[in-house]
Amino acid sequence: MKIGLIGTGNMSRSLGILWAEQGHEIFWGSRDPNKAKSVAEFAGHNTQGGTNDEAAEFGEVIFYSVRGVMPSTVLSSTDCLAGKIILDCNNRDIPEGFAYGPLMAESLAEKLAVDVPNARVVKAFNTIAQEVFELSPEPLQEHQVSVYICGDDLEARQTTMTLAKDIGFNPIDCGPLRSARMLEALGDFIRFMIGGMGLGPYATISVNVLPEASQQRLGRRQSGS
Ligand SMILES: NC(=O)c1ccc[n+]([C@@H]2O[C@H](COP(=O)([O-])OP(=O)(O)OC[C@H]3O[C@@H](n4cnc5c(N)ncnc54)[C@H](OP(=O)(O)O)[C@@H]3O)[C@@H](O)[C@H]2O)c1
């Protein structure tokens, strides 16, 4: 799959390298094309680097890790994004002392979708710290780390689930893009656990479906009164 990554920051470098190792074609874009070229040189695997516009043209899937600045500002035109999958991994800023206010009425991913209405926006990878990507796919698979994925286009979600699986994660389908409000809140929570409660960057949040109880020791669930 051809993946264009906008920006050469921590998330973009890590995921781009992991996907390149799995045989995907990678093009990093940057405000400074030389920076993107040196990331590609470091990564090897025939990866390329250049401008953000070139990365947006190149990818069938676009990884978007620029927080708070929309593609219509970053790119000279968003026409080339028509029909493409845009992966949004962004979380809001962490407030002083992790003192978050009310949940957001609209997620960053939904704002992105308003900015690029011709593209298929998917929220993914926002609940995992960059350090976890240092682990290679094989040990990661053992831990069944969840990657939560939502978006209004089913095929775009399925493609993202495959991309998550390729690099060792357990993809969890979270339905339509409005679920990004919950996933971004989950992003807030895991960063609180990592930074606020001191668990460190290898802390993760996963969904595990347990086997059903073999006997009803406690009686059945009753309806609330
Ligand atoms: N780091 C993590 O562990 C982690 C985990 C989950 C989610 N996230 C979320 O993922 C997003 C990216 O995090 P990150 O750690 O990768 O950040 P980062 O290292 O700062 O990378 C962001 C990149 O975006 C580009 N950029 C920044 N400002 C820009 C602007 N005004 N216009 C165009 N491009 C701009 C820059 O790339 P160029 O200099 O190449 O242009 C920059 O390197 C954030 O929203 C964060 O909350 C991060």
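User: Which residues does Gln144 touch, not counting residues up to four places away in sequence?

Analyst: This is a predicted model, in which local features need pLDDT of at least 70 and side-chain atom pairs count only at pLDDT 80 or more, while totals for chains, interfaces and linings use all residues. Residues are numbered from 1 along each chain as its sequence is written, and side-chain values use heavy atoms, with hydrogens and water left out. Contact means heavy atoms within 4.5 Å. With neighbours up to four places away set aside, Gln144 touches Asn170 and Ser206. The C-alpha atoms of Gln144 and Pro171 are separated by 9.0 Å, and these residues are 27 apart along the chain.

User: Where is Gln144 placed, and why does Gln144 count as partly exposed?

Analyst: Helices (H or I, at least four residues) and strands (E, at least two) are DSSP runs, numbered from the N terminus. Gln144 lies in the loop between α6 (137-143) and β7. A residue is buried under 20% relative accessible area, exposed over 50%, and partly exposed in between (1.4 Å probe, protein chains only). Gln144 counts as partly exposed because its relative accessibility is 40%. Ile6, in contrast, is buried, with a relative accessible area of 1%.

User: Where is Ile6 placed, and which residues is it in contact with, leaving aside neighbours within four places in sequence?

Analyst: Ile6 belongs to strand β1. Beyond those neighbours, its contacts include Gly29, Ile62, Phe63, Tyr64 and Leu75. Phe63 in turn is in contact with residues including Trp19, Leu87 and Phe125.

User: Which residues have the most contacts inside the largest nonpolar core?

Analyst: A nonpolar core is a set of buried Ala, Val, Leu, Ile, Met, Phe, Trp, Tyr and Cys residues joined through side-chain atoms within 4.5 Å. The largest one here has 35 residues, and Trp19, Trp28, Phe63, Leu87, Phe125 and Phe169 have the most contacts inside it. Elements that each supply at least two residues of this core include β1 (2-6), α1 (10-21), β5 (85-88) and α7 (154-166). The largest share, 6 residues, comes from α1. A second, separate core of 27 residues includes Leu75, Ala109, Val121 and Ala180.

User: Which residues are buried on the two faces of β5?

Analyst: In a regular strand the side chains alternate between the two faces of the sheet. In β5, Ile85 and Leu87 are buried on one side, and Ile86 and Asp88 are buried on the other.

User: In what sense do β4 and β5 pair?

Analyst: Two strands pair if DSSP finds at least two bridges between them. β4 and β5 pair in the parallel sense over 4 bridges, and Asp88 in β5 is the bridge partner of Tyr64. Strand β6 (residues 120-123) also pairs with β5 in the parallel sense, over 4 bridges. Here Leu87 stands opposite Val122 in β6.

User: Which residues of α5 are buried, and what covers them?

Analyst: In α5, Leu108, Ala109, Glu110 and Leu112 are buried. Their cover includes β4, α4 (71-74), β5, β6 and α8 (180-196).

User: How many residues surround the ligand?

Analyst: A residue is near a molecule if one of its heavy atoms lies within 4 Å of it. The ligand is surrounded by 21 residues, and the closest are Thr8, Ser30, Lys35, Asn90 and Gln130. A polar side-chain atom of Ser30 is 2.6 Å from an oxygen atom of the ligand. A polar backbone atom of Gln130 lies 2.8 Å from a ligand oxygen atom.

Notes:
A polar contact is a pair of N or O atoms within 3.5 Å; within protein, one must be able to donate a hydrogen and the other to accept it, and residues adjacent in sequence count only if both atoms are side-chain atoms.
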